[in-house]
Amino acid sequence: MGLGSTFRLIHAGWVLAREGAFSILPVASLPPMMKLGVRMARLVERPAVRKTGSVERLNTALHRLGPSFVKFGQTLATRPDIVGAQAAADLSGLQDRMPPFDAALVPAILSEALGEKAAALTEVSPPVAAASIAQVHKAKLRQPGEAPKVVAVKILRPGVSERFHADTQALYAGARLAETFSSASRRLRPTEVVKTLDHSMRLELDLRLEAAAISEMAENIKDDEGFVIPTVQWDQVAQNVLTTTWVDGIPIRDHAAIDAAGIDRKALAAKVLQGFLRHAIRDGFFHADMHPGNLFADPRTGDVVAVDFGIMGRIAKPERRFLADILYGFITRDYRLVAQRHFDIGYVPPHQSVEDFALAIRSIGEPLHGRTADNISMAKVLGQLFTITDLFDMQTRPELVLLQKSMVLVEGVARTLDPELDIWTVAEPVVGDWLRREEGPLGRIEDLGQHLRRAAEAAGRIPNLIAQAELALSEHRAALARPRDRLLRLAILATLGMGFVAFAAVAFMALRFAGQA
């Protein structure tokens, strides 16, 4: 671990402790060692924080620590049931109200990134939103032969890549320390988790990849209703610049404006949750940063409008089936199914008992049924989950980290819109329809088609494999035909012959000795 990473890690811990970050943790649900760590950290809190319990300065601390820490704060902002209503309100400022960089730098950035095509962007406004990675400007795009259109121009913050690299190195250092000094943390594989988040954030720092993500999602949802995304303007896209059509909407956190527009908040909450589940389970490709700053409500249709596709999640068919079965198991209260799927995917090691794990899952699931979102304490649920993961030696699946984080965000947004949200009832149409389709004739035909394609691809590689084997055999024969290799072969044969003679002599002497005995 480098000195720079060590210093940044210590600095991050110090800053967060001083600003009261550890005061928002559910201490009662933590294991003894973590409780002790939290108590020690709180000893250095600023007097004002300790006295009032306020985390108003936490936003400033996270800004100073860098984009990775800001992303962490964005997740907490959607969970008032875990961190408290006041802390969530304070942290909500991280989502799209960060200080922008100097607007005077924008023309030069656009010119360097887009070249001559930058001239098509006119009337560029001051920043309309500023986040941890980039900021957004409103502009007009003027193309020859086309009417001017209003667009959104997203520009990366200068120097953000270097800052992010420093953040992730500190996170890696912390993960390695945890694995070194805490055997209990090793099963959670913190280094692998950081690596997954690191990879995701590196993708976010190339806006060309974000443009491609928007394009792929647009194809996936072209026949869907209730979920809208902007369109990419490819001529005005570069590594640090992304241009899309402008979308009008009411910020999803502005409940008063949503109510004034006559939008049904219960229906909007259902669209948020069902849209995410549809993308994750059906498509295996989902928006992995659905915090309130990235979501709007269309005042005309009541649809969900999503922006900022820098962090996307992708899960393969087995993981999609795992997610669907887990949700369906909770919906139908089939805890044996939930438990078995955890074993099938490798979450729980095989030496554990499926029945015992099903019993533990039941202890979590049963209290959730029949209760509305405002009557469920996710802090207690997370505490139970932590105890169960420790009890059953559960292993973290890094490829599912973004999915789990995104589900926390989405469920948090939906429950703020509709505190009486019944998560299982809303999820059932999406999950149930997908499972019924997968188990039906069409799903079976698609599975068979995939198997046939893989078999055809394997068969297509056979001639190349045969040709490579024949070439290798020919080269081997040619090598043996060379005089030097002939001598080597003779030497090998002679050695084998001498070994056989020696073995025969020993065997003969042993038999003779046995006969005399």
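Val272 touches Ile252, Met290, Leu295, Val304, Val410, Val413 and Leu417, leaving out residues up to four places away in sequence. The model is predicted. Val272 and Phe357 touch the most other members of the largest nonpolar core, which has 79 residues. Helix α14 (residues 265-283) supplies the largest share of this core, nine residues.

**Nonpolar cores**
- Another core, of 15 residues, lies apart from the largest one.
- Its members include Leu114, Ala118, Ala139 and Val241.
- In soluble globular proteins, nonpolar side chains tend to be buried together.

**Nonpolar surface patch**
- Some nonpolar side chains sit on the surface: Leu36, Met40 and Leu43 form a patch there.
- Together, these three residues have about 330 Å² of accessible area.
- Leu36 belongs to helix α2 (residues 32-42).
- Leu36 counts as partly exposed because its relative accessibility is 44%, between the limits of 20% for buried and 50% for exposed.

- Gln233 is found in the loop between β5 (227-228) and β6 (241-245).
- Gln233 counts as buried because its relative accessibility is 12%, under the 20% limit.
- The side chain of Gln233 makes a polar contact of 3.4 Å with the side chain of Lys149.
- Setting aside neighbours within four places in sequence, Gln233 is in contact with Leu141, Lys149, Val151, Thr243, Thr244 and Thr245.

Terms used. Residues numbered from 1 in each chain as written. Predicted model: local features only at pLDDT ≥ 70, side-chain atom pairs only at ≥ 80, totals over all residues. Heavy atoms only, no water. Core = buried A, V, L, I, M, F, W, Y, C linked by side-chain atoms within 4.5 Å. Buried < 20%, exposed > 50% of the residue type's maximum accessible area, 1.4 Å probe, protein only. Helix = DSSP H or I, 4+ residues; strand = E, 2+ residues; numbered from the N terminus. Contact = heavy atoms within 4.5 Å. Patch = residues over 30% accessible without salt bridge, like charges linked within 9 Å, V, L, I, M, F, W, Y side chains within 5 Å. Areas by Shrake-Rupley, 256 points an atom, 1.4 Å probe, with all protein chains shown as cover. Salt bridge = Lys/Arg side-chain N within 4 Å of Asp/Glu carboxyl O. Polar contact = N/O pair within 3.5 Å; in protein donor to acceptor, adjacent residues only side chain to side chain.
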